[in-house]
Amino acid sequence: MTVHFPFQNSYSALPDSFFARVAPTPVAAPRLIKLNRPLAVQLGLDPDVLETPEGAEILAGKTVPAGADPIAMAYAGHQFGQFVPQLGDGRAVLLGEVIDKDGIRRDIQLKGSGPTPFSRRGDGRAALGPVLREYIVSEAMFALGIPTTRSLAAVVTGEHVIRETALPGAVLTRVASSHIRVGTFQFFAVRRDTDAIRRLADHVIARHYPELLGAERPYHALLGGVVARQADLVARWLLVGFIHGVMNTDNSSISGETIDYGPCAFMDAYNPSQVFSSIDEMGRYAYANQPRIALWNLTRLAECLLPLFSDDQEKAVAEAQDILGAFSDTFSDAYQAGLRKKIGLFTERDGDDALIQDLLDAMAKNQADFTLTFRKLGDAAGDPAADDARAQFMDPAAFDEWARRWHERTALEPQTAAERQAAMHAVNPMFIPRNHRVEAVIQAAVNDDDYTPFEEFVKVLAKPFEGQPDYAAYADPPLPEQRVLQTFCGT
Ligand code: AMP
Ligand code: MG
């Protein structure tokens, strides 16, 4: 059996300055540890064949499949506010693109597949821990209904990577609607290559915003489209307690997918200023800062597009500002609408925003678990005697006062208790990839070569909104001694 990838590559047909042609570097002894079978089918790949040794060799970068046109993509980026004119895929290779079962073009990329011309001082490799983290969290995000890159496979390479210590090496097969980033535009903007910016913008419109083909001002519309998708994306992050951790412009996707799962984490207790990433010393990418940062990144994108807007710089800037101005309302509308759903409101009334804000304030003050408070609030909607939401608050009286107002508000709507509970359970997950669980799963794999906890965790997270009583412990917040205070990029 040979592995057939139905590649239809388009990015590698763009001008040479967009990428470097480079094959993955073969590894010693690839072993498949996880194949995402449903995703393989979605991509038109045969999961049984991918699970053969030959499949593992492809997923480890040891063999290049027919039809692949392997490239490392060029990009620049602002890292923690500092501009770096050349970053690029330093440890990833895009094998090519396939059209999935829904007709959507998807990149298939190997991450950790060896050095490229963009590697700088890096080894081009990935360690097993971060590969498993990305697999777990990206697939959890998908199950939560949040736009994201996905994980097709993880393989161990049979080689070690040297970080603080020697660690098992691994390769993740990442699937994205594309890997084009704000930083991809910046790469050409800093080189004053307006033709390349136009080529890239045209490629992006055709690929991600086909509804804008034929728009009167397509590049303005493109900026508006990215603004809308990023605003919606960040709202969704906040609504599940997700902290990306490293929202650099090179980690900001033009398609509006969550990309680059490094030191990301979900918060347990609600804390708007929560930061996990060890390298985010100033809290630039703290939970509640994420909308502001998304807008900052979009402003960098707008700067790249100015030459396409108008030859009159002042006019171009004014138009860009106008488009960026939509971010705030788009974000707030999505965020507030999401919060109304989280507390089970079917309609919108004066006072709702205050009701919601008072709950969030009480949660922050009382270190209430973000996920469980909303999930258990759904139980309380179904049965007023259910008091697990109350139990999340250090001072349960703070909840009682709020709950009285909430019951008064919900009583104004005709829905039954059961209807309200069902609607709330459909938006408030029971299961998120809690950090202490992610760490425990990684430890079992790295230290004991035991993937049973990983498998079980991935299975539970695939149905985040279902009760799954057999796996109830996965919903529990960490005990004080289990709390993970910091996450690491691990690159
Ligand atoms: P990241 O922090 O993963 O978003 O990566 C930032 C930049 O560093 C990108 O250009 C990566 O390709 C590059 N990079 C990260 N890790 C490595 C590595 N181990 N070897 C080479 N380049 C890397
Ligand atoms: Mg990155």
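Colleague: Which strands form a hairpin with five residues between them?

Modeller: Strands here are DSSP E runs of at least two residues, and helices are H or I runs of at least four residues, numbered from the N terminus. In this predicted model, β6 and β7 form the hairpin, with five residues between them. Gly103 sits in the turn and has a positive phi of about 80°.

Colleague: How many bridges join strand β6 and β7, and in which sense do they pair?

Modeller: Two strands pair if DSSP finds at least two bridges between them. Strand β6 (residues 92-99) and β7 have seven bridges, in the antiparallel sense. Val93 stands opposite Leu110 in β7.

Colleague: Which residue of β10 stands opposite Leu110?

Modeller: Thr173 in β10 stands opposite Leu110. β7 pairs with strand β10 (residues 166-176) in the antiparallel sense, over five bridges.

Colleague: Why is strand β7 largely enclosed by the rest of the structure?

Modeller: Start with the cut-offs. Buried means under 20% relative accessible area, exposed means over 50%, and partly exposed lies in between (1.4 Å probe, protein chains only). Six of the seven residues of strand β7 (residues 105-111) are buried, so the strand is largely enclosed by the rest of the structure.

Colleague: Is Gln468 buried or exposed?

Modeller: Gln468 is buried, at a relative accessible area of 15%. Gln468 is found in the segment after α16 (452-461). The phi of Gln468 is also positive, near 45°.

Colleague: Which side chain makes a polar contact with the side chain of Thr148?

Modeller: A polar contact is a pair of N or O atoms within 3.5 Å; within protein, one must be able to donate a hydrogen and the other to accept it, and residues adjacent in sequence count only if both atoms are side-chain atoms. For Thr148, the partner is the side chain of Tyr261, at 2.4 Å. Thr148 lies in the loop between α4 (128-143) and β9 (150-162). Thr148 is buried, with a relative accessible area of 7%.

Colleague: Where is Gln290?

Modeller: Gln290 is in helix α8 (residues 290-309). Gln290 is buried, at 0% relative accessibility. A polar atom of its side chain lies 2.9 Å from the backbone nitrogen of His244.

Colleague: Now the ligand. Which residues come nearest to ligand 1?

Modeller: A residue is near a molecule or strand if one of its heavy atoms lies within 4 Å of it. Of the 18 residues around ligand 1, Gly88, Gly90, Arg120, Asp123 and Gly124 come nearest. The shell draws at least three residues from each of domain 1 (11-179) and domain 2 (183-336); these bounds come from an automatic or database domain assignment.

Colleague: What is the distance from an oxygen atom of ligand 1 to an N or O atom in the side chain of Arg120?

Modeller: The distance is 3.0 Å for Arg120. An oxygen atom of ligand 1 is also 3.1 Å from a side-chain N or O atom of Asn251. For Asp260, the value is 3.0 Å.

Methods
Residues numbered from 1 in each chain as written. Chains lettered and ligands numbered in written order. Predicted model: local features only at pLDDT ≥ 70, side-chain atom pairs only at ≥ 80, totals over all residues. Heavy atoms only, no water.
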